[in-house]
Amino acid sequence: MKDRQEQISQVVVTAGQMHDVEKRIFAAGMPVVALMEKVAGLIARRIPEILSNTLFLRGSRVGIMVGPGHNGGDALVVARELHFRGYEVWIYSPFSKLKELTSQHLQYAQSLGIPIYQTIEQLPISDLLIDGLFGLGLERKLTDPIASAINQLNELSVPIYSIDLPSGLHTDTGEVLGTAIRATHTFCLGLWKLAFFQDQALEYLGKAELIDFDIPLADVEAVLQDAPRIKRITPAAALATLPLPRPAVTHKYKEGHLLLICGSRRYAGGAILTGLGARASGVGMLSIAVPESLKSLLVSHLPEALIVGCPETETGAIAHLQLPENTDLSSFNAIACGPGLTRDATPIVQEVIKSERPLILDADGLNILAQMGAIATLKKRQVVTVLTPHTGEFERLFPDVADAKHDRVKAVQEAAAQSGAIVLLKGARTAIANPQGAVWIVPESTPALARGGSGDVLTGLLGGLLAQAATKQIPIEDIVATATWWHSQAGILAAQERTELGVDAFTLTQYLLKVLSNGF
């Protein structure tokens, strides 16, 4: 049972895929009315549990917003159940035409004496609103009078709980279709929908929760088949991917050798933070190439690392790599390049791109790649490349790819397919795609990570895990997803203890291992 729940919690579907899953369930004999009763019953039981620590008691006033479809039917069953449990329930039903099942539930609610209102002006004061206006599959822009009604509901100082999706959001892109409910809490039904992982939807979703109504895995697999999978990264999946526990008999050369190429006289901190991120990964050997003038500074912060001082330009950037004797780029299991380099280090990026080692490019590494022509350059590489852009860098790298702000999942899939790279698009919900179209999404993060240097820490952490993966045959896409999850969890934990204002990048590095100590 736990294995099924873990698998279901990872699945992310489009509106079309969810409709197909439901069709299979109904075709197999599950009555629509029975499924509605089950789903709404779960929600009706869950709401008092969530609000148990508040003044939401029997007798509290609950307003139910009812739409014309089965989302409205779900809301009406919730209304009935809360009514029977002693809550003071009223219904807002502004539509004249309802689906048959929804209409039947409305008729029964009326027979129970539950007040029903057709206009927003009639609505009484309430302690909680439940949004069942529109759920899965809305595609048209909302217009008056329902748009005005939604805007007025949003202005009330009342918690709003949405069923499946806040009304007014596009299920796949998370786009606001004119206007949308700003939910306090959203119950996602059955399987996670794409909108929950689009940055533009987050301010409308509130706290999101999956209501698992026991969809058979066989039906999910039958619908998805060979389509590229979109998956949420779960704690269990991330922790299982880490190179732990280590074998009883091992040594540093078996635990990966990472080369970091980073820093400049202007941006010395970038090299330090990247190195500290790599240290936390547990990589066996860490070499860091920096301008010669930074060598003593790096040694003081990372005494266990091999600091390689390189000749530098007049501006303080690395002029060319000067690796130790009998060492070249093929000596390393992975290379991470970019933080703090400045664009004066263009020859360095050109050199590492020609290497035959797994490569991570970040920051100025990405900016230089964009100047070179990202897609054409990357197609020449025969080994894996991981790109870690934020939205601005992404647009410079892939100017012809779909707007990442509108649909980040589609955009990252297109970028990975065109470039042949694994693309990690940073954001409130980081999305990672491989060239085959599979996507991993980090389902939670914190605005505490919106600080300079946070990305440098991720580059080092990812580089260290990638170097270890090279010696253990762990899928690289899974390693990228795990590193991103780990980084986000460290930010969340630090913010809980220090507030969102207290998580600078150096502090973030100190919370990376705390995440693992909580998980193991």
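Is Ala208 buried, exposed or partly exposed? Good morning, colleagues. Before I answer, please note that the structure shown above is a predicted model.

Ala208 counts as partly exposed, because its relative accessibility is 32%, and the class of partly exposed residues lies between under 20% for buried and over 50% for exposed. The residue sits in strand S9, which covers residues 207–211. If neighbours within four places in sequence are set aside, Ala208 is in contact with Thr186, Trp192 and Phe196. As for Leu129, 79 residues separate it from Ala208 in sequence, and the C-alpha to C-alpha separation in space is 16 Å.

The largest nonpolar core contains 61 residues, and Leu258, Ile288, Leu298 and Trp486 have the most contacts inside it. Helix H18, residues 476–498, supplies the largest share of this core, namely 10 residues. A second, separate core has 57 residues, including Ile348, Leu387, Ala411 and Val439.

What is Leu298 in contact with, leaving aside its neighbours within four places in sequence? The partners are Ala271, Ile272, Ile288, Val290 and Ile307.

Finally, I would draw your attention to helix H17, residues 454–470. From its first C-alpha to its last, this helix of 17 residues reaches 25 Å, which is close to the 24 Å expected at 1.5 Å a residue. Of the 17 residues of H17, 15 are buried, and the helix is therefore largely enclosed by the rest of the structure. Thank you for your attention.

Note on methods
Residues are numbered from 1 along each chain as its sequence is written. This is a predicted model: local features need pLDDT of at least 70, side-chain atom pairs count only at pLDDT 80 or more; totals for chains, interfaces and linings use all residues. Side-chain values use heavy atoms; hydrogens and water are left out. A nonpolar core is a set of buried Ala, Val, Leu, Ile, Met, Phe, Trp, Tyr and Cys residues joined through side-chain atoms within 4.5 Å. Buried means under 20% relative accessible area, exposed over 50%, partly exposed in between (1.4 Å probe, protein chains only). Helices (H or I, at least four residues) and strands (E, at least two) are DSSP runs, numbered from the N terminus. Contact means heavy atoms within 4.5 Å. The expected span of a helix is 1.5 Å times one less than its number of residues.
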